[in-house]
Amino acid sequence: MSLGDTEIIGRSRTHPELFGALFERHSEALFRYACRRVGAEVAEDVVAETFLAAFRQRARYDLSRSDARPWLFGILVREVSRHRRKETSRLMALARAAEPDQVDGLADRVAEDLTARSSRARLAAALAGLHLRDRDVLTLIAWQEMSYEEVARVLGIPVGTVRSRLNRARRQMQQMLGTRELAGVFEEWA
């Protein structure tokens with residue numbers, strides 16, 4: 001029988017080795033999100049710092065919350081904010097990387113690759129232009145498919161604030177990318 005997040009955290013207070021099950025369950029999603037925010041070279045460290053902080057804070061975890069994912073993402077977002085200069089630099093580097101490499105192959109493959117690179121570069125530049133608070137809300141909803149309520153718990157803000165930040169981020173992204181290009185652009189981002 002598999003233990004739920006609440007049981008793992010509760011039991012880990014007296015049996016610390018059980019906390020590893022939480023890592024096994026959630027680390028991959030946290031790593032994917034961190035990679036998109038700060039790059040693979042930093043993501044591993046950020047996720048490790050997140051779980052270390054979570055382990056230290058487990059005694060304060062609200063056991064009435066059955067899903068630890070929002071709690072863990074809240075810690076991760078704080079860790080990412082510590083690395084935000086690196087994130088902004090990474091996004092700007094991705095935006096500059098729109099220059100095509102020499103690619104051998106069929107013309108349609110080259111054209112498709114250039115279009116994808118251009119979209120990613122424009123998205124990276126647009127994301128870098130967002131205020132960090134708005135970027136956090138937008139990426140948690142778009143990349144992690146979290147609900148407004150989950151994002152509110154992650155960031156420790158009211159749901160109304162999530163809505164207003166998301167609305168502001170969408171407007172800014174629309175202005176920077178255009179409505180047509182914005183549609184589906186997050187699915188292409190990898």
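Helices here are DSSP runs of H or I with at least four residues, strands are runs of E with at least two, and both are numbered from the N terminus. By that rule, L177 lies in helix 9 (residues 159–177). The model is predicted: local features need pLDDT of at least 70, side-chain atom pairs count only at pLDDT 80 or more, and totals for chains, interfaces and linings use all residues. Residues are numbered from 1 along each chain as its sequence is written, and side-chain values use heavy atoms, with hydrogens and water left out.

Start with the overall fold. The protein chain has eleven helices and zero strands. Along the sequence the pattern reads α-α-α-α-α-α-α-α-α-α-α. Of the 190 residues, 41% are buried, meaning under 20% relative accessible area; exposed means over 50%, and partly exposed lies in between (1.4 Å probe, protein chains only). Contact means heavy atoms within 4.5 Å. Among contacts with a separation of 6 or more, 65% join residues 24 or more positions apart. The chain exposes about 10,700 Å², and carbon and sulfur atoms supply 50% of that area. Accessible areas come from the Shrake-Rupley method with a 1.4 Å probe; for residues, only the protein chains shown count as cover.

Return to L177. Its relative accessibility is 6%, so L177 counts as buried. R122 is 55 residues away from L177 in sequence, yet their C-alpha atoms are 7.0 Å apart.

Now turn to a helix pair. Two packed helices are described by the angle between their axes and the distance between the axes. The axes of helix 4 (residues 69–82) and helix 8 (residues 148–155) come within 7 Å and cross at roughly 50°. Axes are lines fitted to C-alpha atoms, for helices over the stretch in contact, and angles run from 0 to 180 degrees between N-to-C directions. Helix 4 and helix 8 are therefore oblique to each other. Angles under 35 degrees count as roughly parallel, over 145 as roughly antiparallel, 65 to 115 as roughly perpendicular, and the rest as oblique. The crossing is right-handed: the near helix is turned clockwise from the far one by less than a right angle.

From helix 4, R69, P70, F73, G74, V77 and R78 meet E150, R153, V154 and L155 of helix 8. By class, this contact has five nonpolar, one polar and four charged residues.

E145 sits in the loop between helix 7 (132–144) and helix 8. Its phi is near 55°, a positive value in a residue other than glycine. With a relative accessible area of 68%, E145 is exposed.

Note on methods:
Ala, Val, Leu, Ile, Met, Phe, Trp, Tyr, Cys and Pro count as nonpolar, Asp, Glu, Lys and Arg as charged, and the others, Gly among them, as polar.
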